Amino acid sequence: MTQRYHPREIEKKWQERWASDHLYQVGEDSDLPKFYALTMLPYTSGDLHIGHWYAMAPSDVCARFKRMQGFNVLHPMGFDAFGLPAENAAISHGIHPHEWTMSNIENMRRQLKSMGAIYDWNRELISCQPEYYKWTQWFFLKFYHAGLAYRSRAPVNWCPKCQTVLANEQVVGGDLCERCGTEVTKKDLEQWFLQITRYAEELLDFSGLDWPEKIKTMQKNWIGKSEGAEISFGLEHAGLEQKEIRVFTTRPDTIFGVSFFLLAPENPLVPQLTTPEHQKEVAEYISWCKRQADYMRTSTDREKTGAFLGSYVINRLNGEKVPIWITDYVLPSYGTGAVMGVPAHDERDFDFARKFHLPIRPVITSPEHTGDEAIQAYSEPGVMINSGDFNGLSSERGYEAICDLLERKDWGKRTVTYRLRDWLISRQRYWGAPIPIVYCARCGTVPVPEENLPVLLPPNAEFRPTGESPLKYCPEFVNTTCPRCSGPAQRETDTLDTFMCSSWYYLRYSSTRADAGPFDTRKLKYWLPVDLYTGGAEHAVMHLFYSRFFIKALRDIDRNLIDFDEPFKRLFNQGIIAYHGGKMSKSKGNVISPDKYVSEMGADTVRAYLMFIGPWELGGGWSDRGIRGISRWLNRVWNLIENGYAHPVTKEEAKKELLHIIHRTIKKTSEDLENLRFNTMLACLMEFTNHLSKVQKERSVPTALWQEAITCLLLLLAPSAPHIAEELWSRTGHAYSIHNQPWPRFDARLAEEEQITLAIQINGKLRDKVLVSASISEAEAKGLVWERPRVKIYTEGKEILKTIYAPGRVVNIVVK
RNA sequence: GCCGGAGUGGCGGAAUGGUAGACGCGGCAGUCUCAAAAACUGUUGGGGAGUAAUCCCCGUGUCGGUUCGAAUCCGACCUUCGGCACCA
């Protein structure tokens, strides 16, 4: 009596059973080796779309595979629950962000459960809950006490739509808000920063990490390390105490080519260095600069602008007087905010010199470029000329010689500069962890004592988007007493960047309920670091970067807390699932909800289809037709097993073949899972299914072997389609649960082909094929081809030049 | 402008120096049916020769190169998707 495949029923049944049996609850007291597989924490946007499943389902398959392979697997799930959308929803719909977030979580949890993953829900974490954000604040205090958190007034990125400041990493495409795409502006504000720059050098070290090159390159570029020298230029300006200005350059070897000196328009020395006759022009230029949008400043193909201040610096190496100009292509925040202009050897300086008719003096030549009147800057290495005692040196040696001289005379030194800026962590919004700082008139800035954490968010704040934190208008929050002197004091009203919350959550999963610390150190030591971390590449210089910084900084603060250097050993970025017109997004209205497909075809089908679309790292297009193929396949698997097997007419050949295919399939499936190549793994299981259909029809193998084959098929299917595998496992009389079974092993000898098809080529063109034993020797293979009639036809009357044998592949006869 | 990924049938893709197109979608033909859908079976890169079994030619973005042999390696270019971009 066969029954049809009803995914909805069996999925519900097994999900309930797994939950009530705590099948996926995981502990630390196992003798098995651990494996920590983690998917990036989802934001509580409300609905999971198919893109979330694309991130999570294959990751679950991998975790399940590792579990069957005998690892104690931690594969947790939680929610990144603080952030702007909750607050914006609160403003537009009048719901409290907490309520909005929690109801979203409820829906997302339901959707996640329908996926049938091995998440241990006992370890769920929600970053907006006080028992979690208490520790986010605690980490802030650790950084503060270690001198890594500081407050400073600086021109910062401001998103007028989000009404808050943004970290540099959150400004994309030069000037757009990462979250809402609005053009950001600059604002001068007193803000909290974390000194990530202190770790610039160590963050460049990726040794021992199995990470995609792309992400490593993006982080390296973001850090932007430059080696060069800081050089002092003499200043002899009446009424100015300062006697030098320093520049940073990567080309000290070109110092004899300096023909002008550049300052950023913002440089505080500008007013004093401007002579009366240039005052008007300089003032006009500065006010013009202020009117320019920030992104214009960093646009490369724009005519150079600037103004002469009327005063000069001295190039100490040749005693020359060099005119000081200001220009907006010198950025105040990089290096020393001053540049030596070497037009012959720097493209930008060249353009500037052309525009303002400043001298262009070549000091480096190359064999191809023999000092002709330059039509472009020559920025390659070469031989030094016009450089006094240094003439004739290669620029590489000149670099060293000039640095030596600078250091000897104390005119400068070798130095390294980074593009990376400190991480701005203040946000002028409500829905985040309050920064645990109190301002006291008497004691100044006072950190909230650890035992007073968490600093709770007041539930009754008003979310007026005013550009200032809503907490500022909540007197019961702001007014407090100083922890030091007990006098009246005010709380810091900015909240922490939500990236602070997600920089340490993977530590918390080791012991989500810990309340004596952010985690239980013993458990942390057991689970961390993460063995496989998967998620989108969009976090390259944000979440992934901050998390690395967190671990390194915490390690240096207290080795008993963290005793490893990197949070994520292996990183994998899945691609993007597109649908009608590109990446799914709410604004495009092309978001696919998994719910509909889950109820029509089952979670197993949706999981497997997502894996089948293509290589995981490439993503691909969702197709309503394509998913039917997977649905049909699972139905075929179901029917294959439900139809039973009886009265075999055994054929030796068929027996041997099936045994070989079983082992070949185990081998291929295991390798593909290890390499996260889910699409080819499923293709291989489909081939296996097709072969089994044929065997079933022919009844060509003994019943015992048939049963071995389908048992194997179910085990191999279990990570990808856990529900149908469990159901068929039980229907074939096996003991619960398939998910506690060991992953099948293969016999390497059986997995190998016994017979191979050898291709025979004449001059590299395929002319014949022959079935031979896999163990054929080179001599045998080369000899055998001459008996083939087709070889005779093609070689008759021709001169045989040589015969090439590629073992197990091809014999190629070269004729003339 | 610079760096990186991708480009293969009608479509998603497989093959990373050795039989191009695995697996799936779609199409076509058939079985079942009064019929249709579903399901199942067969077939399916293009062109050509042959009654046929078969056989030949072309074919992995474009043009060159290396090699006995190239989707795969090298050089130049085109398209496309990411990232970076006046960082001295």
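**Close-ups of a predicted model**

**View 1. Helices α3 and α4 cross at roughly 115°.** The axes of α3 (residues 84–93) and α4 (residues 97–114) come within 8 Å of each other; axes here are lines fitted to C-alpha atoms, for helices over the stretch in contact, with angles from 0 to 180 degrees between N-to-C directions. Helices are DSSP runs (H or I, at least four residues), numbered from the N terminus. On the α3 side you'll find Pro-85, Ala-86, Glu-87, Ala-89 and Ala-90, and they meet Pro-97, Trp-100 and Thr-101 of α4. Contact means heavy atoms within 4.5 Å. Sorted by class, that makes six nonpolar residues, one polar and one charged.

This is a predicted model, so local features need pLDDT of at least 70 and side-chain atom pairs count only at pLDDT 80 or more, while totals for chains, interfaces and linings use all residues. Residues are numbered from 1 along each chain as its sequence is written, and side-chain values use heavy atoms, leaving out hydrogens and water.

**View 2. Tyr-506 sits in the largest nonpolar core.** A nonpolar core is a set of buried (under 20% relative accessible area, 1.4 Å probe, protein chains only) Ala, Val, Leu, Ile, Met, Phe, Trp, Tyr and Cys residues joined through side-chain atoms within 4.5 Å. This one has 187 residues, and Tyr-506 is among those with the most contacts inside it, along with Phe-140, Trp-423, Leu-507 and Trp-622. Beyond four places in sequence, the contacts of Tyr-506 include Tyr-36, Leu-38, Ser-547 and Phe-568.

**View 3. Arg-397 lies in helix α12 (residues 395–409).** Arg-397 is exposed (over 50%), at 59% relative accessible area. Asp-253 is 144 residues away in sequence, yet the C-alpha atoms are 8.4 Å apart.

Technical notes: Chains are lettered from A and ligands numbered from 1 in the order in which they are written. Helices (H or I, at least four residues) and strands (E, at least two) are DSSP runs, numbered from the N terminus. Ala, Val, Leu, Ile, Met, Phe, Trp, Tyr, Cys and Pro count as nonpolar, Asp, Glu, Lys and Arg as charged, and the others, Gly among them, as polar.
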